[in-house]
Amino acid sequence: MPALSGCVSNASQDSLKAHGSIARLENSLFIPVFWIAAGVFFLIAGLVIYCVIRFRARSEDEAPRQIHGNTRAEIAWTIMPAVLLASIAIPTVKFVFDLSSFPKNAMTINVTGHRWWWQMDYPSPTDPTKVDFSTATEMHIPAGQKVVVSLTSVDVIHNFWVPELAGKLYAIPGRHNKLVIEADTPGTYYGQCAEFCGTSHANMRLRVVAQTPADYASWVASQEAPPALPAASTSSLVSAGASVFNTVGCAGCHTITGVSDGVVGPNLSHFKSRSVFAGGIFANTDPNLRLWLANPPAQKPGSVMPNLNLSETQITDLVAYLDTLQ
């Protein structure tokens, strides 16, 4: 039944299963407020049901006894809600200030929303105005460390949400909103755009990969390294794929360090190091890549990447080339 869909025990996006200090902070407010609201609901519903039964008309001629107010009752139902709201408001205000506090010297990742994928830029530790490297859809962070995510958008309003690590925050064109995320332990945490943003809103997914500090450092080093470019001894398929990439239009939209400088689509310098692509809807496998290259709009409605009408040979060559971008 649809009503039971929220009871799945192994849901990959469950805000009640906090895996970081920020998510636990948010739950520390949400859970007590939920039970207070549930208590108020059942109290009011119970009183309504009681009154409907207790004071129902016994006959058509029976008229209810007229009263002219009850001072004690009126004072009680004025003061009690005020006290209840104050008890919720005080921790809520503190919570808002806690969430607006960003740790000093924390690592920052600049995230940009596109229709329909996420761009992750990792600034240089020594010069935050420069980007060391970029990736897409898949964010890597060190486990046990608070990370500041700076959000913006290039087109419409998006909403960044990784439920097990933090709450939602808007990505708005022309603005930079910030939130903090933290993962207690290594693992993969799933998220999505939580604001309707067009045709493929449901296909705008993301994942956060938390790694041990050593594994994260190794991943950063691999991303900072330039991609391997086809050499003279490279297989003919890879060389042909590199040629297809540069001639059919791929280079105009995608960046591969040392090869192209396109900025419309995701940076592909280390494309094959990612586990997913196309906004997170496909596992990064050769069969899926072939399916995507054959007709992107057919796989992802509204895709900015057009159908290039590639031949099977061109697709085979491109896949061979993209497979080298580790």
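Okay, let's start with helix α8: its buried residues pack against α4 (236–247), α5 (250–253), β11 (255–256) and α6 (286–294). Keep in mind that this is a predicted model. So which residues of α8 are buried? The helix covers residues 312–322, and the buried ones are I315, D317, L318, V319, A320, Y321 and L322.

Now, on to the aromatics. Searching the whole structure turns up 14 aromatic pairs. Take F41 and F42: the ring centres are 5.2 Å apart and the planes sit at 75°, so we call that pair edge-to-face. F41 is exposed, at 54% relative accessible area, and F42 is exposed too, at 58%.

Next up, Y122 and F133. Here the centres are 4.7 Å apart with the planes at 15°, so this pair is stacked. It links distant parts of the chain, with Y122 in strand β2 (residues 117–123) and F133 in strand β3 (residues 131–136), 11 residues apart. Are these two buried or exposed? Y122 is buried, at 3% relative accessible area, and F133 is buried as well, at 8%. Together with Y216 and W219, they form one aromatic cluster.

There's also a charge over a ring: the charged end of K168 sits over W161, 4.6 Å from the ring centre.

Last one, E164. You'll find E164 in the loop between β6 (158–161) and β7 (169–171). E164 is buried but has no salt bridge. How far away is the nearest side chain of opposite charge? That's K17, at 6.2 Å. Beyond its neighbours within four places in sequence, E164 touches several residues, including A11, S12, D14, H19 and Y189.

Key: Residues numbered from 1 in each chain as written. Predicted model: local features only at pLDDT ≥ 70, side-chain atom pairs only at ≥ 80, totals over all residues. Heavy atoms only, no water. Helix = DSSP H or I, 4+ residues; strand = E, 2+ residues; numbered from the N terminus. Buried < 20%, exposed > 50% of the residue type's maximum accessible area, 1.4 Å probe, protein only. Lys, Arg positive; Asp, Glu negative; His and termini not counted. Salt bridge = Lys/Arg side-chain N within 4 Å of Asp/Glu carboxyl O. Contact = heavy atoms within 4.5 Å. Phe/Tyr/Trp six-rings, centres within 6.5 Å; stacked < 30°, edge-to-face > 60°. Lys NZ or Arg CZ within 6 Å of the ring centre and 35° of its normal.
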